[in-house]
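Me: I am new to this structure and would like to go through it step by step. Please begin with the aromatic rings.

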Amino acid sequence: MAAPIKVFGPAMSTATARVLACLLESQLQFDLVPVDMSKGQHKKPEFLGIQPFGQVPAFQDEHISLFESRAICRYIVDKYTEKGKRGLLGMETLERASIEQWLEAESQSFNPPSSALVFQLAFAPRMKLKQDPNLIAQNEAKLSKVLDVYEQRLGDSRFLAGDEFTLADLSHLPNAQYLINATDRAALFTSRKNVNRWWEEISGRTSWKKVVEMQQTPLPSSSST
Amino acid sequence: MAERKVYGAPLSTATMRAVACLYEKDLDFEFVQVDMRAGAHKQEPFISLNPFGQVPAYQEGDATFFESRAISKSIAYKYLDKGTQLLGKSPEESAQVGVWTEVEAHQFDPPASKLLFECLFKPKFIGTPTDEAVVAENEAKLGKVLDVYEARLAKSKYLAGPDFSLADLHHLPVIHVLLKVPRVAALFTSREHVNAWVKDITSRPAWRKLVDTYNF
């Protein structure tokens with residue numbers, strides 16, 4: 001029997017949650033191995049051996065060892081999508097190109113300002129760190145511009161890449177979840193009609209609800225769908 | 001009408017990233033210059049090609065795409081058997097291509113782009129002085145990233161494995177420009193394996209052809 005897939009990282013980390021969402025969407029069994037970041041475990045030599053930048057998550061599937069959440073997600077979808085079935089990366093080149101485009105938009109345009117806001121507004125207070133009002137204002141302005149583009153796109157299209165839920169939509173879940181549910185900036189999303197509709201739909205998926213449940217569970221444990 | 005078109009600017013590293021892929025794949029295309037100084041990238045007709053108002057955009061037949069890294073990936077997939085194979089030659093290597101393209105995007109590019117902006121763009125195009133504190137901060141960050149690259153490239157000829165791939169290619173435009181700044185070039189040349197890798201990838205015929213053609 002093959003060794004189970006292993007994900008190293010806390011469920012509450014946005015990048016780790018991205019991978020968990022993808023595994024659950026793909027209905028794969030996996031072990032979630034805890035990494036105690038408050039004790040600096042992610043900067044210790046054993047962890048740096050599987051993630052040289054000292055960040056979560058890391059991932060192992062048999063003899064393949066990977067990091068970077070979006071790379072892990074693409075690997076999972078490519079390896080485990082049944083031949084002939086439409087997976088989270090689509091079925092043919094044109095579809096995939098559109099999904100890759102919106103995945104990069106998430107990575108390059110949505111992620112930087114939303115990550116900064118998640119840290120400043122959701123994590124810094126918990127960690128008793130001082131917030132930076134300039135940084136908050138700058139990133140809110142950036143994120144607003146990005147969401148204006150999304151508002152227009154989602155007026156023309158049910159999901160970002162087309163009619164189907166894909167990895168491009170999934171990739172947004174972790175940061176958006178925190179912003180909407182753990183800060184007072186939910187209106188960034190909820191005040192935009194199409195963005196709000198899209199959010200309700202993608203966050204209502206069973207797999208995402210399960211990730212949120214895992215984030216709220218104090219002790220990470222072995223998990224199966 | 002040309003089958004493939006790139007809309008961008010020769011001075012844009014992102015545009016050159018997409019063009020580099022087309023050159024490695026030996027694919028013909030038309031280059032349509034977007035007048036960024038006139039703000040053409042923020043208005044129609046360009047904004048319909050990329051609603052984020054950034055170069056490049058890429059058109060193939062009726063389909064248009066933006067984000068240079070997505071464009072290059074799509075080209076590499078669609079034309080798998082043409083020109084250089086850029087996606088890895090084994091399942092393990094292909095998985096690593098995925099990892100190291102993300103590393104370029106999330107670890108390398110942020111500090112590298114800030115250095116590019118402070119050391120080259122600001123003095124050349126805006127005329128404001130370089131912020132030394134920002135330079136120092138990002139040199140340190142980039143140095144740490146290149147330490148990881150040094151360890152990786154000591155074990156692996158290219159970032160994803162034994163073969164040149166998109167993971168290496170995506171670095172070319174920004175490295176090429178940063179090498180023009182002596183203090184930043186030193187970050188690369190002072191690390192033995194990084195230096196060898198930079199020399200290798202920047203001397204590829206497809207890359208030399210791009211540099212000559214666009215005076216990059």
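Me: How many aromatic pairs are there over all chains?

Reply: In this predicted model, the count over all chains is 25 aromatic pairs. Rings of Phe, Tyr and Trp (its six-membered ring) pair if their centres lie within 6.5 Å; planes under 30 degrees apart count as stacked, over 60 as edge-to-face and the rest as tilted.

Me: What form does the pair of A:Phe67 and B:Trp100 take?

Reply: That aromatic pair is edge-to-face, with 5.8 Å from centre to centre and 80° between the planes. A:Phe67 lies in strand β4 (residues 64–67) of chain A and B:Trp100 in helix α4 (residues 91–126) of chain B, so the pair joins two chains. Helices (H or I, at least four residues) and strands (E, at least two) are DSSP runs, numbered from the N terminus.

Me: Are A:Phe67 and B:Trp100 buried or exposed?

Reply: Both A:Phe67 and B:Trp100 are buried. Buried means under 20% relative accessible area, exposed over 50%, and partly exposed in between (1.4 Å probe, protein chains only).

Me: Why is the pair of B:Phe108 and B:Tyr149 stacked?

Reply: The ring centres of B:Phe108 and B:Tyr149 are 6.1 Å apart and their planes are at 25°, so the pair is stacked. B:Phe108 belongs to helix α4 of chain B and B:Tyr149 to helix α5 (residues 132–155) of chain B, so the pair ties together parts that are 41 residues apart in sequence. B:Phe108 is buried, at a relative accessible area of 0%.

Me: Which residues do ring pairs link into a cluster?

Reply: The cluster linked by ring pairs consists of A:Phe53, A:Phe67, B:Trp100, B:Phe108, B:Tyr149, B:Phe188 and B:Trp197.

Me: On to the two chains. How many residues of chain A are in contact with chain B?

Reply: In chain A, 31 residues are in contact with 29 residues of chain B, where contact means heavy atoms within 4.5 Å.

Me: And how many salt bridges are there between chain A and chain B?

Reply: There are 3 salt bridges between chain A and chain B, each being a side-chain nitrogen of Lys or Arg within 4 Å of a carboxyl oxygen of Asp or Glu. A:Arg74 forms a salt bridge with B:Glu102, with the closest N and O atoms 2.8 Å apart.

Me: Last topic: what ipTM does the predictor give the complex?

Reply: The predictor gives the complex an ipTM of 0.96 and a pTM of 0.96.

Me: What conventions apply here?

Reply: Residues are numbered from 1 along each chain as its sequence is written, and chains are lettered from A. Side-chain values use heavy atoms, with hydrogens and water left out.

Methods:
Predicted model: local features only at pLDDT ≥ 70, side-chain atom pairs only at ≥ 80, totals over all residues.
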